[in-house]
Amino acid sequence: MTLDLRALTIRTEGRDMVQDLSLSLPTTGITALIGPSGCGKTSVLKWMLGILPPGLQSMGDLLLDGSPINRPHPALGYQPQGDALFPWLTIAQNAALGLEVAGLSRRAAQAKVDPLFAPFGLAGTEAMFPAQLSGGMRQRAAFLRTIVQDSRFVLLDEPFSALDAVTRLRMQDWLLARLRDTPRAVLLVTHDLHEATSLADRILVMAAGPGRIIAEIPVTTPQDRRREADLAPLRETLKSLLLEDLDP
Ligand SMILES: Nc1ncnc2c1ncn2[C@@H]1O[C@H](COP(=O)(O)OP(=O)(O)OP(=O)(O)O)[C@@H](O)[C@H]1O
């Protein structure tokens, strides 16, 4: 299964905010999307999901295995910036919400979510509210809600940015482990070059004004052999691409 975004242009107030952007996601693996603030990363994700705010005009095609799809589409899962848990719902209710929105009964949704609390490190939190959990736990609950929907393609918008450094590293390892359990394709928007180089199989670099992809860089070192020091040259390359773009 492949997801192809072809020739996306997003226009606001008479100017192209994103211009002629194309990308493909293979069946598995992590593709990181990096770029300066405001270049349009979140808007690209929202367009793929069919939730671009009104007021932004768009042109482009999204093809699943070569055919255009209507959105929202069950093959595409999404985790917005932050954890986006509803504070007035318990963790169990939050985790089941995506399934309920997709049409499952409350009971069926809960039955699907329940067995995942332990593997997601959330055993005992079912009846708690988000404010009672640590940042890492809330993030795992948000992942649970996203992952349980079985979407083949998961779009993650800066999922770790609100976490402290240690929790972030643990959550990154944890995400890789979950993806080994249930392989799927991830499009990961991140500002963090360490995160991009340690997690991704491929890094797409965006420039701003208008937002477009200026480089596609494969990360060929296998996950288990990625050492911080070995990844430094790649980070330097990414840094110069990002900074070059900001020069007048
Ligand atoms: N609803 C909207 N109406 C008009 N302009 C918008 C709207 N949403 C976003 N924009 C503008 O579009 C541009 C891209 O925003 P977007 O959030 O997609 O960028 P981003 O690369 O994800 O930024 P960041 O990394 O800071 O999250 C910004 O200049 C923003 O001000």
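**Close-ups of a predicted model**

View A: Thr-12 stands opposite Arg-15 in E2. This is a predicted model, so to speak: local features need pLDDT of at least 70, side-chain atom pairs count only at pLDDT 80 or more, and totals for chains, interfaces and linings use all residues. Residues are numbered from 1 along each chain as its sequence is written. Strand E1 (residues 3-12) and E2 run antiparallel and are joined by 7 bridges. Strands here are DSSP E runs of at least two residues and helices are H or I runs of at least four, both numbered from the N terminus.

**View B: The open sheet.** Going across, the 4 strands come in the order E2-E1-E4-E5, with antiparallel pairing; two strands pair if DSSP finds at least two bridges between them. Strand E2 (15-25) and strand E5 (67-68) sit at the edges with a single partner strand each, so one side of each has no neighbour in the sheet.

**View C: The ligand shell.** Of the 13 residues around the ligand, Ser-37, Lys-41, Thr-42, Ser-43 and Pro-53 come nearest (near means a C-beta atom, placed from the backbone, within 6 Å). Helix H1 (residues 41-49) gives the most to this shell, with 3 residues.

**View D: Two domains.** Domain 1 (3-75 + 155-246) and domain 2 (86-150) make up the domain assignment of the protein chain, with bounds from an automatic or database assignment. Their centres, taken over C-alpha atoms, are 25 Å apart. In contact are 8 residues of domain 1 and 5 residues of domain 2, contact meaning C-beta atoms, placed from the backbone, within 7 Å.

Terms used. Contact = placed C-beta atoms within 7 Å.
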